[in-house]
Amino acid sequence: MSIKKEEAAPVARLIDGRSDRTVGWVYRWNTSELSILWLEPKHVALHIDPPLSRKTITKAKTVTTDEVTDLLEELSRRGSVDLE
């Protein structure tokens with residue numbers, strides 16, 4: 001039985017490295033999939049606040065592995081010495 005993607009909650013924000021502006025929000029769906037709502041698509045996200053845990057990334061990758069999970073994993077690695 002597959003779970004339908006019905007509800008998401010914000011779990012982190014993506015921050016521009018130059019201005020410290022929030023350029024996007026990371027959402028975790030009830031299926032564990034991660035997605036991004038870009039507020040400033042022309043800006044580059046260099047930081048994530050808070051970094052996502054290794055458990056969150058691993059669960060997301062069981063649903064889908066794509067540029068979004070790769071980006072969030074890299075940003076989380078940069079922002080945290082220990083990703084639980």
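These legends accompany several close-up views of one predicted model.

The model is predicted, so local features need pLDDT of at least 70 and side-chain atom pairs count only at pLDDT 80 or more, while totals for chains, interfaces and linings use all residues. Residues are numbered from 1 along each chain as its sequence is written, and side-chain values use heavy atoms, with hydrogens and water left out.

View 1. Along the sequence the order is β-β-β-β-α-α. Here helices (H or I, at least four residues) and strands (E, at least two) are DSSP runs, numbered from the N terminus. With a radius of gyration of 13 Å, close to the 12 Å from the globule rule for 84 residues, the chain is as compact as a globular protein of that length. That radius is taken over C-alpha atoms, and the rule is 2.2 Å times the number of residues to the power 0.38. Along the principal axes, the C-alpha atoms fill a box of roughly 45 × 30 × 20 Å.

**View 2. The largest nonpolar core, built from 13 residues.** Such a core is a set of buried Ala, Val, Leu, Ile, Met, Phe, Trp, Tyr and Cys residues joined through side-chain atoms within 4.5 Å. Buried means under 20% relative accessible area, exposed over 50%, and partly exposed in between (1.4 Å probe, protein chains only). Leu14, Val26, Leu34, Ile48, Leu52 and Leu72 touch the most other members. At least two core residues come from each of strand 1 (8-16), strand 2 (22-29), strand 3 (34-38), strand 4 (45-49), helix 1 (54-63) and helix 2 (67-79). In soluble globular proteins, nonpolar side chains tend to be buried together. Across the chain, buried residues make up 31% of the 84.

**View 3. Leu34 and its surroundings.** Beyond its neighbours within four places in sequence, Leu34 meets Val26, Tyr27, Arg28, Leu52, Thr56, Ile57, Ala60, Val68 and Leu72. For the chain as a whole, contacts between residues at least 6 apart in sequence include 50% that join residues at least 24 apart.

**View 4. Val23 in strand 2.** Val23 counts as buried because its relative accessibility is 0%. Setting aside neighbours within four places in sequence, Val23 is in contact with Leu14, Ile15, Asp16, Leu37, Trp38, Leu39, Glu40, His43 and Ala45.

**View 5. The loop between strand 1 and strand 2, with Asp20 and Arg21.** Asp20 has a positive phi of about 60°, although it is not a glycine. With a relative accessible area of 55%, Asp20 is exposed, while Arg21 is partly exposed at 40%. Arg21 touches Leu14, Ile15, Asp16, Glu40 and His43, not counting residues up to four places away in sequence.

**View 6. Ser32 in the loop between strand 2 and strand 3.** Do look at the backbone here: phi of Ser32 is near 80°, a positive value in a residue other than glycine. Ser32 is buried, with a relative accessible area of 16%.

**View 7. A cis peptide bond from Asp49 to Pro50.** Omega for this bond is near -5°. Pro50 belongs to the loop between strand 4 and helix 1.

Notes
Contact means heavy atoms within 4.5 Å.
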